[in-house]
Amino acid sequence: MTAAESTRQLGAWVSELDTPDVVRDRLALVLLDVLGVTAVGAAQPEQRALRAAWRAPDGPAPLIGAGRSVTVDAAAFLNGMALVSLELDEGNKYAKGHPAAHGFPAVLALAADLDSTGADTAAALLAAYEVASRFGRATSLTPGAHPHGSWGVPGAAAGCARLLGLDAEQTAAAIDTAAGMAIAGHFDSATTGNPVRNAWMGASATSGLAAARMAAAGMARNTGTAALSLGTLLGSFDPGELTAGLGTRWDIQHGYFKRHASCSFTHPAADAVLALRGEFPAAGITSILVESHALGAGLTGTDWTNRLSAMFSTPFVVATAALTGRVGPDSALDDPAVQTLARRVRLVAADDLTARLPAERAARVTVAFDDGTTLTREVPNPVGDADHHPLGEDDLVALLKTWLPRQPGLVDRAVAVSHELPGLARAGDALRGLAGPDEKELN
């Protein structure tokens, strides 16, 4: 089956999609996570500075957690950046990235503008997730390419097309057009701490909006562009993955939530260290060996220059977990003890762990002490993965209230919206309520 034919089937499916009962609870949980994590990101000083520099005019779409509503495109872009800025956003190991982050900011902004029904908004969010994840499965990026803003753009377009009520042909055209708007970003932009990596998610949101609008205007076509942009230029592309198990397999049920503010590849190692902390002897740590799968073996940096580069450093994450017991959005970047221990962390690829991808993203950690003893722990997946110690609503709420100590009411509001959305006659006011209090009230 060609890319155009697969996209045609996918467009037909999206145009008729409703939210089945089997995924309703999981969709609510993913939405809660997206809303809460976006608010956590929005509270960071650099995000406040960006909003001030953006000078977005007032409009119908909320800046989640930022105290005001702005134009649709500004909200989609800025919420997308805030969502991924602290590496706390939900992800999916089978898609090899973050389906919700690619599509939800665009859908939520457009739904607020259109004052869409809650049922349509929920269906559009589900469409955004499933389409993005299918494109993630279908795409094998060239080594060195970062997954933000590439294969996920069709998810944003699919969700927006569903909200706009586009027919099957128009929806397929929107999805294919979005596949031709991929960003070619290098993974090292993240490890070296360049925030352009966060902007790729904002671009995904606005590109998805543009693709859906082009389709609504009759300007878009489905020509199988994905096979050229995501395949020929950025890697390889298997169009059969776009329709495999369509309507019976729901990738949203197989994602992961994060309890550490760091790249997901670092989480299994952090979890292993945290599990061992209660067994640490009084002697000091002399070295930590982290064995990882091939995808995570490159995160070896010990000279982080900002929080972004630290979040992509396994030595930083492991040392922070070992010494402080947590890796949060406020973990210190300049702690001399963490810096010293990080230089004693060695990260290597292990063939046996790589062989277990994608079902497992395992790590094996061996901690050595100056009395000659060692402790070893292996974990198959991060805590929070749907297949390994999944996090439920109570867990997410507790994390979000820890990260948003000044806005507990906003977390409660996000919980309410996540549950009530499918039954709302109109979603606009509920979504705008997620902007929360004006920033001046929090200062």
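Reader: How many Å apart are the mean positions of the positive and negative charges of the chain?

Author: This is a predicted model, and the values are computed from it. The chain carries 34 positive and 47 negative charges. Their mean positions are separated by 3 Å.

Reader: How many helices and how many strands are there in the chain?

Author: Helices and strands are both present in the chain. The strands number eight, and the helices number 20.

Reader: What radius of gyration does the chain have, and what would a compact globule have?

Author: The chain has 443 residues, so a compact globule would have a radius near 22 Å. The value for the chain agrees with that. The C-alpha atoms fill a box of roughly 70 × 55 × 40 Å along the principal axes.

Reader: What share of the residues of the chain count as buried?

Author: Buried means under 20% relative accessible area. C160 is buried, at 0%. C263 is buried too, at 5%. Of the 443 residues, the buried share is 58%.

Reader: How many disulfides does a search of the whole structure find?

Author: A disulfide is a covalent bond between the sulfur atoms of two cysteines. The search counts a pair of cysteine sulfur atoms within 2.5 Å. Across the whole structure, the number found is zero.

Reader: What part of the accessible surface of the chain belongs to carbon and sulfur atoms?

Author: The accessible surface comes to about 15800 Å². The part that belongs to carbon and sulfur atoms is 52%.

Key:
Residues numbered from 1 in each chain as written. Predicted model: local features only at pLDDT ≥ 70, side-chain atom pairs only at ≥ 80, totals over all residues. Heavy atoms only, no water. Helix = DSSP H or I, 4+ residues; strand = E, 2+ residues; numbered from the N terminus. Rg over C-alpha atoms; globule rule 2.2 N^0.38 Å. Buried < 20%, exposed > 50% of the residue type's maximum accessible area, 1.4 Å probe, protein only. Areas by Shrake-Rupley, 256 points an atom, 1.4 Å probe, with all protein chains shown as cover. Lys, Arg positive; Asp, Glu negative; His and termini not counted. Charge placed at Lys NZ, Arg CZ, Asp CG, Glu CD.
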